[in-house]
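Please take a look at the structure below. Keep it open while you read this briefing.

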Amino acid sequence: MEAIKKIEIEEIVKGIPGGFFIYYANGAEEIIYANQEVVYLYGCDTRDEFLEYTNGSFKGMVHPEDLERVEKSIADQIAGNPRNFDYVEYRALPKGGGVKWIEDFGHFVKSDIYGEVFYVFITDVTEKMERNIKQKKRLMNLAIDQELLRKSLESTVYSFVKVYMINLRDGYSREIYPDISNEENKKYIDAIDAYITPENVMEEEGRRLRILLQPEHLQKALVERDSVEYRYRRKLPDSSVEWCVMVFTVSDRDKGLPITVTLGIRSIEKLIQKENQQRLLLESAFMRARQASEAKTIFLANMSHDIRTPMNAVVGFAELGLRHGNSPEKMRECLRKIQDSSQVLLRLIDDILDMSRIEADRLRIEPESYDLLEIMPQVYQMVEKEIHDKGLKFSYDFSGIKDRVVFCDPTRMKQVLYNLVGNAVKFTPAGGKIDVRISQYESLSNGIENYEFIIRDTGIGIASEFLAKIFIPFEREKNTTVSGNFGVGLGLPITKNIVDLMNGSIETESEVGKGSTFIVRIPFQVVREMEEQEAHAQEDQHTFSGLAGKQVLLVEDNELNREIARELLEEYHLLVDEAEDGDIALEMLQNGEKEYDVILMDIQMPRMNGYEATKAIRGLSGSKFSRIPIIALSANAFEEDKRMAISSGMNHHLSKPMDIEKVLYTMKQLLDAE
Ligand code: ADP
């Protein structure tokens, strides 16, 4: 009975679809029974083979990597509700190789005969699992794609109207923005064809784009760069055109080759407009720079002309003077002409120097109390001869001045008036008239008065186009060069700069053929204690008698300069010794044959220059060497040169050509202060 029943059970169990087996729920998990389906599933033909292959244990049926998870599931089943099936998935390694996925429904039972056992139904779900895994992978890839896309988008500042994902390897593309849900893959080449049509893209650019957008070309372009951009013009439905850009960014590479590429398309119409604006700005800046450089070139040409003309006169009259050695009258005439031309040259050099000071922002106003009415006679002196020669009428009216003494820079103020009056004289033909009027107006600020200087002439006038450029450096009207007037077109720009620095203004009115008017307005602080100032001014009168007999050491490498200086100094009865450079001067001082009261020191000299010589002199032992006044006499007239002279140990700096009165005055001040 029992045996029959046994067979029947075997028969029944055989009929159970799928795999079925029973094993002991003890530690060894020994297999009690396995149906043929299980045997086949594990790649075996017979049950014995199967038992041998699995070592007769459930443990041998599970992929070692999944065993821990499966064991845990078994333990849970035993501890939990035994009436429920335990469900677990694991991998099996069938005998013939490969991997199978098993779906396992187990049930824990305590049987009277076998004790605690597991009944297990298993199914081969490899196919289903593989499908699932594929699906999962696809989903994961999608997630990765999205992440890459997000990153690519974030890494660009553009706001795209459309974004595509292109797989250069399989040649498919997909729109992912704005229609991100559109998962339809299109052949990339077809997508290009659909996009680059004569209706959509300007024709010639379409041809170019088509080449650039070929997968092979993109791949090449993106090997070493992470992104490339192609600009093109897109046609809009209303037949207008807008500039767009295609930006290709690599999202994914394989061995350096770009595989996945995002393509963003956006309008750059505004950017192009801005670029055009900037280009125009650049072009106009370039034009201005070119004009400025042309003006400078013209200036150089003019300047060499303007230097050459008086220079020729100097050379020519010097030559003539030498020939007229026996006629003092003719000689004097030559010297006078040399003097005139030298003055012209000097003014030119002063102007150039002033202009470079202005350009370097180094022009300084040094105000002091000064009688304004002293200026015009001095300016007049400078133009008197020309006025006389041309037969010009000159009138000067200062009746409008109440406060004559003001706080102003006399040198610069003189320069302003001289430039304007000088021009009026220059550009007014014979028989013309020049009026200068100075007036004073009250201002709202206490102690400050407004002064107005009007210079009016009946000269050739200035054309209105040129009037607009009159204060621009190096500009001058063409006819003035032709007419042979000196000047390089720096006078008025310098004048305007000085007036600006004095917080004033300058205006011009002019009519060609009728004449010009220049109006300068400057606020000055008034100095009311005039008597005191006058007394002081008189006291200051330079009396140089005290300098007679003083011993001067003249350090200068240029023989001609030494000669001029010696002659002028000796006229005032000073005693002069000469040294050709710093080295010689130092030697003369060191050997102590003579004691010098003052040293006049040139700066640029061979062997030892003025700065070095001064430092060496100050370093000599003996207090007289640290005290002896040293005055720099130098052609370098910039502020730095002065500063360097002082810092090397000199007491004062005077610029060349040597102004004997200034030299004597400085000497007196320094010697008196001792
Ligand atoms: P320049 O050293 O050449 O005189 P300026 O700057 O003083 O330079 O003057 C520039 C140009 O302005 C002159 O060359 C001349 O063409 C014009 N100009 C200046 N003042 C007058 C004036 N009073 N009458 C006519 N033209 C003038």
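The notes below cover strands, salt bridges and surface patches.

This is a predicted model. The structure holds 33 salt bridges. Six strands form an open sheet. Strand E4 is largely enclosed by the rest of the structure, because nine of its 12 residues are buried.

**The six-strand sheet**

- The strand order is E8-E7-E6-E11-E10-E9, and the pairing is antiparallel.
- Strand E8 (186-187) and strand E9 (227-235) are the edge strands. Each of these two pairs on one side only.
- Inside this order, strand E6 (residues 162-167) pairs with strand E7 (residues 172-177). Five bridges join E6 and E7 in the antiparallel sense.
- As background, strands of a sheet pair through backbone hydrogen bonds, either parallel or antiparallel.

**Strand E4 and its partners**

- Strand E4 spans residues 100-111. Buried here means under 20% relative accessible area.
- Strand E3 (residues 86-92) pairs with E4 over seven bridges, in the antiparallel sense.
- Arg-91 has Trp-101 in E4 as its bridge partner.
- E4 is also joined to strand E5 (residues 115-124), by 10 bridges. E4 and E5 run antiparallel.
- Val-109 stands opposite Val-117 in E5.
- E4 and E5 form a hairpin, with three residues between them.

**Strand E14 and its partners**

- Strand E12 (residues 368-371) and strand E14 (residues 405-408) pair over four bridges. Their sense is antiparallel.
- Tyr-370 has Val-406 in E14 as its bridge partner.
- E14 also pairs with strand E18 (residues 515-526), over two bridges. This pairing is antiparallel too.
- Phe-407 stands opposite Gln-525 in E18.

- Side chains of opposite charge can pair when their charged atoms come close.
- Glu-275 and Arg-231 meet through their side chains in a salt bridge of 3.1 Å, N to O. This pair links distant parts of the chain: Glu-275 is in helix H9 (residues 269-323), Arg-231 is in strand E9, and they are 44 residues apart.
- How accessible is Glu-275? Glu-275 has 32% relative accessibility, so it counts as partly exposed. Arg-231 is also partly exposed, at 30%.
- Glu-507 and Arg-521 form another salt bridge, at 3.1 Å, N to O. That pair also links distant parts of the chain, with Glu-507 in strand E17 (residues 505-511) and Arg-521 in strand E18, 14 residues apart.
- Glu-507 is partly exposed, because its relative accessible area is 37%. Arg-521 has a value of 33%, so it is partly exposed as well.
- Lys-496 and Asp-500 meet in a salt bridge of 3.0 Å, N to O.
- What separates Lys-496 and Asp-500 along helix H15 (residues 491-501)? They are four residues apart, so about one helical turn lies between them.
- Lys-496 is partly exposed at 27% relative accessibility. Asp-500 is partly exposed at 37%.
- Glu-65, Asp-66, Arg-69 and Arg-91 are linked in a network of salt bridges. Look back at Arg-91: its bridge partner in E4 is Trp-101.

**Surface patches**

- Which residues form a negative surface patch? They are Asp-557, Glu-559, Glu-563, Glu-567, Glu-571 and Glu-580.
- Glu-567 is found in helix H17 (residues 559-571). Its relative accessible area is 51%, so Glu-567 is exposed. The cut-off for exposed is over 50%.
- Tyr-53, Leu-93 and Val-99 form a nonpolar patch on the surface. Together they have about 220 Å² of accessible area.
- Tyr-53 is found in helix H3 (residues 47-53). Tyr-53 has 33% relative accessibility, so it counts as partly exposed.

Conventions
Residues numbered from 1 in each chain as written. Predicted model: local features only at pLDDT ≥ 70, side-chain atom pairs only at ≥ 80, totals over all residues. Heavy atoms only, no water. Pairing = 2+ DSSP bridges. Patch = residues over 30% accessible without salt bridge, like charges linked within 9 Å, V, L, I, M, F, W, Y side chains within 5 Å. Areas by Shrake-Rupley, 256 points an atom, 1.4 Å probe, with all protein chains shown as cover. Salt bridge = Lys/Arg side-chain N within 4 Å of Asp/Glu carboxyl O. Lys, Arg positive; Asp, Glu negative; His and termini not counted. Charge placed at Lys NZ, Arg CZ, Asp CG, Glu CD. Buried < 20%, exposed > 50% of the residue type's maximum accessible area, 1.4 Å probe, protein only.
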